[in-house]
Amino acid sequence: MTDLLVDHAIEGKVALITGGAKNLGGLLAIDLAKHGAKAIAIHYHSDESRKEAELTKEAVEKAGSKALIFQADLSREKAVEDLFLSVKNAFGGIDIAINTVGRVLKKTILETTEAEFDTMSAVNSKSAFFFIKFAGKYLNDHGKICSIVTSLLGAYTPYYATYAGLKAPVEQFTRAASKEFADRGISVTAIGPGPMDTPFFYGQETPESVAYLKQGAALSPYSGSGLTEIEHVVPHVRLMVSEGWWMTGQTILINGGFTTK
């Protein structure tokens, strides 16, 4: 066990992190382990991410937590339920569920095809809905649910209609679920990072748009990349799944002053 910073609201808990193989999801898995989580379930989507999931598993175990990896296509309802059941059976219960899954498409409305819309809907809205549904069904009482959305929910911008537009329903899912699951003490929140310094971001952008976004946040001069770093986001997610549970039903934008609601 290394660099352990035990948080008594996380100590002994079991966490499931979808998209937990790399980037924000991977860092969250390691962070919760360092703060005393008993076990981490690391979900990944495709064979391409398996190696990264295995490396994250090793890092989680080095930090002192048990870890298992699970592959699933979360655009199918049965696969989402099977994932929750597999994790619950493996660890005896689930206390924390964090969904980091998402897909970006930067394209004008006029250029967007039906197939692209359907894919964006499946990844960003449908999978998020069923993640929240089965988290509400299978989490232990007083559990915590947190979904990663986007700070574009507070932006006035072109080109991201299917990304921001199909992440936007997650805010409403969060509000409804926070009311519906409240009788079991389950809190439900969403975190909307700004443009993050990960491969997830750069694949959609031009050098010109990257340069613009790197100076877009009020605190950009104090960020190494000028963008939101995954290290900026992790403490806020950790808070929401621990002592910050009283902030249920909220969507919080974490972006250094890039945009507000």
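The legends below describe close-up views of a predicted model.

**View 1**
The structure holds one cavity of 30 Å³ or more, and the volume of the largest cavity is about 30 Å³. Its lining is made up of N99, V101, N124, A128, S147, I148, V149, K167 and V170. Helix α4, strand β5 (144–148) and helix α5 (161–180) each contribute at least two residues to this lining. Sorted by class, the lining residues of the largest cavity comprise five nonpolar, three polar and one charged.

**View 1. A128 in helix α4.**
A128 belongs to helix α4, which runs over residues 114–138, and is one of the residues that line the largest cavity. With a relative accessible area of 3%, A128 counts as buried because this value is under the 20% cut-off. When residues up to four places away in sequence are not counted, A128 touches N99, V170 and F173; N99 and V170 are also among the residues lining the largest cavity. Y159, which is 31 residues from A128 in sequence, lies 22 Å from A128 in space, taken from C-alpha to C-alpha.

The 20 residues of α5 should span 28 Å at 1.5 Å a residue, and the end C-alpha atoms of the helix are 29 Å apart, which agrees.

A53, T56 and V60 are the buried residues of α2, and, seen down the helix axis, they fall within an arc of 65°, so they line one face of the helix. These buried residues pack against α1 (23–34), β2 (39–44) and β3 (66–71). On the face of α2 turned away from the buried side are the exposed residues K51 and K62. Just after α2 comes G64, which takes a positive phi of about 110°.

In helix α7 (residues 207–214), the buried residues are S209, V210 and L213. Seen down the axis of α7, the buried residues fall within an arc of 105°, and they therefore line one face of the helix. Part of what covers these buried residues is α6 (199–202). The exposed residues P207, E208 and Y212 are carried on the face of α7 that is turned away from its buried side.

**View 2. The second largest pocket.**
The volume of the second largest pocket is about 200 Å³. Sixteen residues line this pocket, and those closest to its centre are L219, L227, H232, N255 and G256. By class, the lining of the second largest pocket has eight nonpolar and eight polar residues, with no charged residues.

**View 3. S223 in the loop between α7 and α8.**
S223 is placed in the loop between α7 and α8 (230–240). At 11% relative accessibility, S223 counts as buried because buried means under 20%. Leaving aside its neighbours within four places in sequence, S223 is in contact with E229 and H232. The C-alpha atoms of S223 and G256 are separated by 8.7 Å, although these residues are 33 residues apart along the chain; H232 and G256 are both among the residues closest to the centre of the second largest pocket.

N23 is found in helix α1, and its phi is near 50°, a positive value in a residue other than glycine. With a relative accessible area of 32%, N23 is partly exposed. H142 lies in the loop between α4 and β5 and has a positive phi of about 65°, although H142 is not a glycine. At 55% relative accessibility, H142 counts as exposed because exposed means over 50%.

Notes: Residues are numbered from 1 along each chain as its sequence is written. This is a predicted model: local features need pLDDT of at least 70, side-chain atom pairs count only at pLDDT 80 or more; totals for chains, interfaces and linings use all residues. Side-chain values use heavy atoms; hydrogens and water are left out. Helices (H or I, at least four residues) and strands (E, at least two) are DSSP runs, numbered from the N terminus. Buried means under 20% relative accessible area, exposed over 50%, partly exposed in between (1.4 Å probe, protein chains only). Contact means heavy atoms within 4.5 Å. On a 1 Å grid over the protein atoms alone, a cavity is a set of points where a 1.4 Å probe fits but cannot get out, and a pocket is an open set with protein on both sides within 12 Å along at least five of seven lines; lining residues have an atom within 4 Å of a point. Grid points are joined across faces, edges and corners, and a volume is the space filled by probe spheres set on the points. Ala, Val, Leu, Ile, Met, Phe, Trp, Tyr, Cys and Pro count as nonpolar, Asp, Glu, Lys and Arg as charged, and the others, Gly among them, as polar. The arc is that of the directions from the helix axis to the C-beta atoms. The expected span of a helix is 1.5 Å times one less than its number of residues.
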